[in-house]
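Please look over the sequence and the structure shown below before reading on. The report that follows goes through them in short sections.

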Amino acid sequence: MNIPQAVITEAMTEVLETMYFMSPIYQGEALPEIDSLGVSVWFTGPIRGQFTLRVSRGLASRMTSEFLACEAALPGPGQIEATVRELANVACGTFMSAWMPDENFEYGVPVPVTEALESFPHSFPVGADQPKMYLCVYLRPPGLIPPPFRWPAFSGPISKVDNGGNGGIHA
Amino acid sequence: MAASSSPQLLQTQQEVVVGVGDCRTAVWPVSALTTYALGSCIAVVAWDWKLRLGELLHVMLPDSAIDRTASGAAGNPFLYVDTGVPELPRRLEVGGASKSRLRCCMAGGANMMADSASFEMGKRNRMPIKKAFWRAGIFVDNEDVGGNESHSVRLDLGTGQGDLRKGTAPGRVLAPGRIQVFAEGSGR
Amino acid sequence: MTVLLVDDSPVMRRYVARTLQMTGLETTIYEAKNGRQGMETALDIVPDLVITNLNMPEMSGSELIEQMHASTQLRRGPPKSWAAEPSPT
């Protein structure tokens with residue numbers, strides 16, 4: 001299935017500019033080896049597939065500092081991974097909505113991935129300054145795609161907790 | 001153009017015109033802060049609704065790294081987004097403004113070059129401004145950035161109303177509009 | 001105004017909290033990392049506004065909204081929600 005480059009580039013541009021104050025520049029399909037964080041979001045609907053994002057660690061750190069309005073030296077590994085997961089979450093929805101605006105999809109939670117990009121056929125990099133960020137959208141035959149991971153449904157009413165120990169974090 | 005290290009709070013003039021690479025702070029009963037012919041430049045406007053204290057920054061380029069000499073960013077930080085925008089909240093606070101009461105907007109950033117797709121100076125100015133405000137913790141209430149026409153902006157210090165005009169010739173108004181950001185005496 | 005932010009992502013909670021504070025609104029912000037914790041907190045503080053993600057562990061945002069609407073203590077009319085979710089459906 002052909003994925004229109006313009007659609008995915010525009011979707012990533014919207015997300016990166018709005019949330020991270022960065023402008024991606026399409027660089028072509030070369031995929032150099034880089035130390036990176038990979039996150040996937042599964043989706044099901046009229047088609048099923050996996051939206052995978054791979055971000056170089058240096059860029060991920062910089063994006064986190066922009067997102068949280070802190071200096072680049074301050075974000076911890078947990079914050080960086082959480083930022084990339086949120087990027088994948090929002091970028092997947094933005095792309096799918098732009099690509100198939102009249103269809104409804106269900107999405108899984110963003111999960112870390114380690115598969116090599118070479119195994120993803122529809123991959124093209126979107127470079128945002130240096131170092132580069134690479135984006136892959138991979139569609140597998142429906143029979144090979146597991147159902148998207150979703151949290152199990154909760155059952156039962158909730159009552160007020162008197163001990164206060166699990167209350168919300170007062171910001 | 002020499003930049004002042006601390007803002008001169010203008011209180012006696014009727015209307016203050018802000019030029020390219022300049023930043024002016026004024027308080028009511030000064031009637032307005034105005035800047036013309038923005039082009040790819042961007043005007044950043046901030047107003048403290050309680051004090052009726054306003055500031056208008058007319059910034060030209062995104063990154064001062066191209067010229068940190070005395071004739072560039074070192075002499076006039078308001079030419080560049082990265083050196084000028086952080087000055088804006090600091091100057092307002094010197095004047096007694098509160099960050100939580102500030103109402104901000106920005107306008108301009110037009111693509112004035114024929115080959116606008118490759119240059120996009122307006123767009124290059126806009127993003128660093130948004131980032132600088134995000135880092136400073138100031139909410140940009142509204143913006144009118146882009147297009148192919150030069151903008152003029154006027155901030156009424158008494159009401160906080162921002163007027164935006166588009167046109168390249170003095171006195172010629174193609175599409176008068178308003179930055180609907182500040183209501184008279186507004187506060188939250 | 002009392003605001004309850006419910007999201008399993010701490011960076012998103014921080015992002016939304018910062019945005020709310022930047023608006024200049026006088027807010028007291030509480031956070032919860034899942035729907036169950038969100039419900040417990042909501043019963044405790046009775047927020048004016050709840051901003052919740054939908055896809056979360058230990059009770060989704062949809063389930064949280066249902067529970068809140070079913071609660072006589074919290075229900076204040078039809079829920080109006082917008083949430084962090086990939087598809088704007």
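## Terms and source

Two residues are taken to be in contact if their C-beta atoms, placed from the backbone, lie within 7 Å. This is a predicted model, in which local features need pLDDT of at least 70 and side-chain atom pairs count only at pLDDT 80 or more, while totals for chains, interfaces and linings use all residues. Residues are numbered from 1 along each chain as its sequence is written, and chains are lettered from A and ligands numbered from 1 in the order in which they are written.

## Chain C as a whole

Among contacts in chain C between residues at least 6 apart in sequence, those that join residues at least 24 apart make up 64%. Chain C holds three helices and three strands, arranged from the N terminus as β-α-β-α-β-α; helices (H or I, at least four residues) and strands (E, at least two) are DSSP runs, numbered from the N terminus.

## Helix 2 and helix 3 of chain C

Helix 2 (residues 35-45) of chain C packs against helix 3 (residues 61-70) of chain C at an angle of about 25 degrees, and their axes are 9 Å apart. Axes here are lines fitted to C-alpha atoms, for helices over the stretch in contact, and angles run from 0 to 180 degrees between N-to-C directions. Helix 2 of chain C and helix 3 of chain C are therefore roughly parallel to each other, a label given to angles under 35 degrees.

C:Gly35, C:Gly38, C:Met39 and C:Ala42 in helix 2 of chain C meet C:Gly61, C:Glu63, C:Leu64, C:Gln67 and C:Met68 in helix 3 of chain C.

## Chain B against chain C

Six residues of chain B are in contact with four residues of chain C.

Notes
Parallel < 35°, antiparallel > 145°, perpendicular 65-115°, else oblique.
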